[in-house]
Amino acid sequence: AVRDLHAICQCLHTLGYGEHIRIDFSLINDMRYYTGVLFQGFISGVPTEVLSGGQYDKLMQKMGKHYGAIGFAVYHNVLERFYMAEGSYDVDTILLYEEEDDVADVLSVLRQLKCTGVSVAALPAVTPKLKYRRLLKLQGKEACVYETND
């Protein structure tokens with residue numbers, strides 16, 4: 001196993017990845033599930049792993065298969081936060097309403113907007129320094145575009 005690991009590291013070094021690989025024998029995970037090598041992937045500047053996985057031959061045996069198995073997961077939510085642009089928005093849409101507006105109308109418009117998959121904040125006034133893509137103003141039972149920052 002050590003010879004195999006050494007050969008893999010030599011190959012990675014030859015390909016120019018050697019300085020990016022760190023071997024850590026203290027990495028421990030659920031040993032009832034994993035039976036061999038465990039690995040994690042990191043990106044500089046991200047405080048947690050963005051990829052993890054390992055070998056899980058015993059799980060395959062429990063399922064009646066006599067094969068080796070290895071798998072991994074990529075944590076897209078961590079990557080999305082990492083790759084968010086500096087100019088990104090705190091919220092996609094702000095819905096401005098007046099105190100005298102009917103709460104049922106505000107909620108109805110909020111539900112409609114949320115169904116489109118955008119993040120929405122209902123506010124009586126725009127909060128300073130809040131970055132938003134669209135500013136809508138409630139007019140009766142409808143939301144009208146007041147400002148866009150695309």
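**Exercise 1.** At its relative accessibility, does Thr93 count as buried or exposed, and what is the percentage?

*Solution.* First, a word on the model: it is predicted, so local features need pLDDT of at least 70 and side-chain atom pairs count only at pLDDT 80 or more, while totals for chains, interfaces and linings use all residues. Residues are numbered from 1 along each chain as its sequence is written, and side-chain values use heavy atoms, with hydrogens and water left out.

Next, recall the classes: buried is under 20% relative accessible area, exposed over 50%, and partly exposed in between (1.4 Å probe, protein chains only). Thr93 has 1% relative accessibility, so Thr93 counts as buried.

**Exercise 2.** Find where Tyr56 sits and classify its accessibility.

*Solution.* Start with the chain: Tyr56 is in the loop between strand S2 (51–55) and helix H2 (57–62). Then take the accessibility: Tyr56 counts as buried because its value is 17%. Now list its contacts (heavy atoms within 4.5 Å): leaving aside neighbours within four places in sequence, they are Tyr33, Tyr34, Thr35, Ala69, Ile70 and Gly71.

**Exercise 3.** Check the span of helix H1.

*Solution.* The expected span is 1.5 Å times one less than the number of residues. With 13 residues (2–14), H1 should span 18 Å, and its end C-alpha atoms are 18 Å apart, which agrees. Within H1 you will find Leu5, partly exposed because its relative accessibility is 31%. After H1 comes Gly16, with a positive phi near 95°.

Methods: Helix = DSSP H or I, 4+ residues; strand = E, 2+ residues; numbered from the N terminus.
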